[in-house]
Amino acid sequence: MPPSKALPQARQTFRTRSDAVRNAFLSTGAGRACVAARSDLIDATAVSLWQIFVERDEYGPAGLTLLATGGFGRRELAPFSDLDMLFLAASPEREQKYRELIRQLTQEMWDLGLRVSATTRTISECADTSVDNPEFAISLIDRHYVAGDFEMFEKFDKQLVPSFLKKLCDPLIQNVASLYRTRHDRYGNTLFHLEPNIKECPGGLRDSHVSEWIATLLDGTPDKEKPSSEQQAASNREEWQVGVDFLLGVRCFLHYRSERDDNVLYWQAQDDAAKRGVGYGAEMPVERWMRHYYRHARAIEWRAQRAMERIQPPQPRLTYRLRQWRSNSPKGRPVALHRGKLILADASAEISFDAAMTVFQRMAQTDAQLARETEEALSGALQHLASQLPPGRALWNQIRPVLQAPFAAQALRSMHAFGILDMLIPEFHGIDALVIRDAYHRYTVDEHTFLTIDHLHRLENSDAPWGKEFANLYAELDRPDLLLLSLLLHDTGKGRSDAAHTPRSVAMAASVVDRFEFSQEERDLVTQLISIHLEMSAALRRDIFDAETVRAFAAIVGSPEMLRVLALLTYADIKAVHTDALTPWKAENLWRLYIATSNFLDRNLDEVRVHADTASTRLKEIYAASAVENATIDRFVEGLPERYLRTRSASQVSGHARLAEELSKHPARTILDISDDICQLTVLAHDRPFLFADLAGALSAWGMDIVTAEAFANLQGVVIDTFRFTDRYGTLTLNPEEHPRFKQMVGDVVSRKTSAEALMKGRPSNLKATRSGVRRKVRASLDLRFDDTSSSHSTLLQVIAPDSPGLLHLLTRTFAEHGCDIGVALIDTEGDAAIDVFYLTHAGAKLEAELQATLAADLRRLLEKP
Amino acid sequence: MQKIEAIIQPGKLEAVKTALIEAGIDGMTILEARGHGRQKGHTEFYRGREYSVDLLPKIKLEVVVDDEVLDKAVEAILTAARSGKIGDGKIFISRIDEAIRIRNDERGPRAL
C-alpha cells in the first residue's frame with residue numbers, strides 16, 4: 001500500500017483502537033489490562049509506521065532495530081505516559097542512513113498525540129553511554145522488541161545488555177538507591193500523603209520498579225518471575241502484585257480523567273475514583289477507598305524497602321547470626337541487634353508479648369530494622385499476642401519505653417503496620433490511614449500523629465529557628481512520657497466525630513489512661529492537655545503582644561507546667577502539618593507567646609486568689625470528688641492563689657484541707673512521696689518567720705538537692721510548702737525506715753525544737769552538688785530583678801544564680817532577716833542555674849526602694865563571695 | 001487595575017478575608033511579615049535572657065482588583081482591620097498595567 005493511503009489508515013486504526021482501549025478501561029476499570037493493551041497498540045502503531053517510513057518488511061532492514069524501553073518496555077504504558085523508544089543501529093553508517101526516516105516516524109507519532117522520547121544509538125554507544133548515564137542503562141532493564149532486525153535485537157537482548165548490566169551492576173545499584181532516597185526524602189519519607197502522587201510517592205509505582213530493578217541487577221531476573229519457596233514470601237508477593245495492579249488502574253483513571261500525564265490523587269480525583277470504585281468495581285465511601293490505597297502502597301513500599309536492604313553488605317546466614325548472638329548475649333534475652341537488624345532468639349517459636357514489645361523498644365532506641373524472620377514472627381501473631389496482653393499499669397510500662405526512646409515514631413509506625421498498636425490502644429484504629437481534608441494538612445491523621453512525636457524527639461538536635469528554645473523547654477519536663485502519650489492520642493477523636501474532634505479525643509484518652517491505671521494527676525494532665533490542644537494555635541491568630549490576649553490565654557492554661565507541655569505540643573502539632581508549616585515567623589510567635597504567658601503566670605500569681613463564696617467550676621469539681629465537707633475545703637482554700645487549685649488534683653486539695661484541720665493538734669503535717677527520680681515533701685503548718693528558710697535548710701542538711709519548690713499561704717496563715725528534690729545518696733529511697741525519722745525532723749524544725757542552722761552545720765562537707773546534681777564549666781551569673789508593677793500586693797524578686805547547696809536556705813533566710821514575708825515562692829532549676837521568683841511583702845506592703853537596695857546588696861555579698 | 005497591599009495585624013486576617021470575600025473579592029495573596037511603624041517593639045525577659053522584639057509580626061495581604069471595586073475593597077479592609085490602636089497597619093495602592101492568567105493566557109481584569 002502506498003504511503004499516501006497507508007498513513008491515513010494507520011492513523012485511523014490508532015485512533016479507533018485507542019478509543020477501544022479507553023472504553024474497555026472505563027467499563028472494566030482493569031488497569032493491568034489497559035496498560036498492556038495500550039502497549040500492544042503502540043507496538044502495532046510503531047510497526048505500521050516502521051513499514052511506511054523505514055522498511056516495508058517489519059523485520060528489516062538489517063542492522064537497525066526498534067526497542068521499547070522504560071514503562072513501554074515493561075508493557076505498562078499508561079494512557080498519557082511518555083514513550084521511551086530506542087533506535088539501535090549496528091554502525092554509525094546505518095544510523096546516518098536511516099536518520100531522516102527515523103525522524104519522520106517519530107514526528108508522525110508526535111502528530112498522533114504520543115509523547116515520544118526517542119534515542120538513536122549504535123550498539124557500542126549503548127555500552128559507553130551506560131557508564132556515564134546510569135538512567136539510560138536502567139531504562140534498558142525493561143525492554144522489548146518492536147520492529148527491525150530481530151537477530152540483532154536477540155543478540156543485544158540476550159548477550160550485550162545482560163553483560164553490561166552485570167559489569168555496571170554496582171554503580172547502577174548505587175544510582176537506583178540514590179534516586180530512591182532522594183525521591184523518598186522529597187516526599188517526607190512517608191506514603192501517607194493526603195493527596196499522593198501515585199507514581200513518585202513512597203509506595204508509588206516507582207517503588208515497584210525499584211524492587212524489580214534491584215532483583216534484576218542482583219539476580220538477573222525480576223523478583224516477580226522467581227519461584228517462591230516460602231508461604232510468607234508468596235503472600236507478600238501476591239499483596240505486592242495486587243497493589244501494583246491497583247495503582248496501574250488508578251493511574252489509567254487519572255490519565256483519562258485529566259487527559260494528561262497526571263499522577264496526583266487530588267481530593268476531587270479521590271471522590272471520583274471512589275464513586276467509580278476504581279480497582280474494586282463497586283462504589284465505596286472515599287475514606288474507605290483511600291484506606292485501600294494506603295494498604296496497597298504500604299505493600300509496595302515494604303517490598304521496595306526489603307529490596308533496598310539487599311544493597312547493604314551481605315549478612316551471614318541466620319543460623320550463624322543466632323550462634324553469634326547466643327555467644328554474645330546474656331542468657332534469656334529474647335531479642336538481639338545484629339548488623340542493624342533485630343533478631344529473635346527463637347524465631348521458630350510463637351513470639352511472646354514481652355518479646356514483641358522488647359523488639360519495638362529496641363527499635364525505638366536504635367532505629368534498627370526488623371529482620372525478615374522477626375517480621376514473619378510478628379505477622380499473624382496478633383491473636384496470640386492479644387491473649388497475653390498485660391493488665392493496667394503493666395501495659396503502660398511496656399508502651400512508655402517505646403514513646404520515650406529517640407526513634408519512637410519509627411517503632412510506632414511499625415507497630416501500627418503489624419496491627420499491634422491498635423491492639424494495645426484500640427482507640428487509635430479510627431485514625432488508621434484517615435484522610436481529613438483541609439487546606440493545610442499533608443498527611444493522614446495517623447502519620448501526622450507519628451510525626452508530632454518524631455519532631456519532639458528531634459528537638460535536641462534541631463537547627464530550626466527557635467528549635468533550641470523549645471529543646472530546652474522539653475529537657476525541663478518531669479514527665480515527657482505524658483506529653484508523648486497526649487500527642488499519640490490528641491487526634492484520635494477525628495476518627496469518631498464529624499464535628500469538633502477534641503471532646504471525642506478527650507473521652508478516648510480518658511478511657512485509655514483509665515485502662516493504664518493512671519493516677520488522678522497523670523490522668524488530669526493528659527486529658528486537660530488534649531482538651532486545650534488547639535488553644536495556643538488559636539491564640540497565635542490574635543495579637544500576641546496584647547496583654548488581654550495573654551491574660552485570656554493564661555486563664556485557659558492555668559499553670560506553667562501545663563503551659564510548657566502545651567507549647568511543646570503546639571510546636572510539634574504545627575510542624576507535623578507539613579514540612580513548611582512551622583515557618584520561622586510562626587515559631588518565633590509561638591515562643592514569644594510562651595514567654596509572655598509564662599511571665600504573666602509567674603508575675604500575676606497573687607492577683608488571682610480563691611474565694612470560696614464564688615464557687616468556681618474547679619472548686620465544684622473538688623467538692624464533688626472529695627469526702628471532706630465543703631465547709632472544710634472552703635476554710636482551707638480561701639485566699640490561696642488560684643494556681644494552687646490548678647496544679648493540684650481534687651484529692652490532693654481535699655487531703656490538704658483535712659490535714660490543715662489537724663494543725664490545731666500538731667505543729668505540722670507532712671506528706672512524703674518517695675520515688676527513684678524525684679521525691680516530694682509537702683508541709684502544712686502555720687506560717688512563722690524563717691519557716692521556708694528552715695525547711696529548705698533542713699532538706700539541704702539531709703543531702704537533698706531541691707529541684708523545684710512552691711510556697712503558698714491561705715487567708716488563715718496556713719502555708720503549703722512543697723519541695724521536689726532528688727535524693728542523691730538514697731537516704732530515703734533505699735531506707736524506708738528513715739522516713740519516720742525524716743518526718744519527725746521536719747516537724748521538729750517547724751516547731752523549732754530543732755534548729756535548721758544546727759542541722760546545716762552538721763552537714764557532711766562533701767555535699768557540694770547543685771540542685772540538679774549537675775556541674776558545668778560555664779556558671780550562670782547572678783541576676784536580681786525587682787518588679788513592683790506585676791502584683792498589686794507584693795514586690796516580685798526574680799533571682800537567677802549559680803545553683804549551689806543550701807542556696808534556697810540562704811536566700812530565704814536573708815529575706816526573713818530583713819523582715820520580708822514570702823507570699824509565694826516559685827523555685828526552679830535550669831541546668832546549673834537556679835531560677836527563683838519570690839512574692840515578698842514587708843509589714844504587709846510592697847518593699848520600699850531602700851529595702852530593695854539593702855536586700856540586693858546583702859544578697860550580692862552572700863552569693864558572690866568566692 | 002489596582003494593587004492593594006495591606007499590612008495588618010495577624011489577628012485581623014480572618015476578619016479581613018471574610019470582608020473581602022463578602023465584597024466579591026476571593027483572590028488574594030497572604031505573606032507572613034515583620035515590621036513596625038509608629039508601634040515600636042519591646043523587650044521581654046525570660047529566665048535571665050533578654051528577648052527584644054524590634055519587629056512585630058504582621059500579615060501582608062496583596063490583592064489586585066479592577067478599578068471599579070477598588071473603593072469597596074479598601075473599605076472592607078479598613079473596616080475589618082481597624083481596632084483604633086497603634087499598630088493596626090497601613091494600606092498601599094498602586095497601578096497595575098497588566099494581569100495574565102498563566103493557565104489560559106487570559107489578560108486584563110478577566111484574569112483577576
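Two residues are taken to be in contact when their C-beta atoms, placed from the backbone, lie within 7 Å. By that criterion, 13 residues of chain B are in contact with 16 residues of chain A. On the chain B side, β3 (42-46), β4 (49-53) and β5 (56-65) each supply at least two of the residues that touch chain A, where strands (E, at least two residues) and helices (H or I, at least four) are DSSP runs numbered from the N terminus. Sorted by class, this side of chain B has six nonpolar, three polar and four charged residues; Ala, Val, Leu, Ile, Met, Phe, Trp, Tyr, Cys and Pro count as nonpolar, Asp, Glu, Lys and Arg as charged, and the others, Gly among them, as polar.

The model is predicted, with pLDDT of at least 70 needed for local features and 80 or more for side-chain atom pairs, while totals for chains, interfaces and linings use all residues. Residues are numbered from 1 along each chain as its sequence is written, and chains are lettered from A and ligands numbered from 1 in the order in which they are written.

Chain A has 37 helices and 15 strands, and its C-alpha trace spans about 120 × 60 × 55 Å along the principal axes. Of its 866 residues, 44% count as buried, a term that requires 20 or more other C-beta atoms within 10 Å of the residue's own, with C-beta atoms placed from the backbone. Among contacts in chain A between residues at least 6 apart in sequence, 71% join residues at least 24 apart.

One part of chain A to follow in detail is an open sheet of three strands, in the order β5-β6-β7, with mixed pairing; two strands pair if DSSP finds at least two bridges between them. Its edge strands, each pairing on one side only, are β5 (335-338) and β7 (369-370) of chain A. Four bridges join β5(A) to β6(A) in an antiparallel arrangement, and His338(A) has Lys341(A) in β6(A) as its bridge partner. Two residues lie between the strands of this hairpin, in which Arg339(A) takes a positive phi near 50°. On the other pairing, strand β6 (residues 341-344) of chain A and β7(A) run in the parallel sense over two bridges, with Leu342(A) partnered by Leu370(A) in β7(A). Helix α14 (residues 353-366) of chain A lies across β5, β6 and β7 of chain A and runs at about 35° to β5(A), the axes being lines fitted to C-alpha atoms, for helices over the stretch in contact, and the angles running from 0 to 180 degrees between N-to-C directions.

Elsewhere in chain A, the axes of helix α20 (residues 445-457) and helix α22 (residues 480-489) come within 8 Å and cross at roughly 155°. α20(A) is therefore roughly antiparallel to α22(A), since angles over 145 degrees count as such. Thr449(A), Thr452(A), Ile453(A) and Leu456(A) in α20(A) meet Leu484(A), Leu487(A) and Leu488(A) in α22(A), a contact whose residues divide into five nonpolar, two polar and no charged.

α22(A) also packs against helix α27 (residues 560-575) of chain A, at an angle of about 45° and with the axes 11 Å apart.

Key:
Angles under 35 degrees count as roughly parallel, over 145 as roughly antiparallel, 65 to 115 as roughly perpendicular and the rest as oblique. A residue is buried if 20 or more other C-beta atoms lie within 10 Å of its own, exposed if 12 or fewer, and partly exposed in between; C-beta atoms are placed from the backbone.
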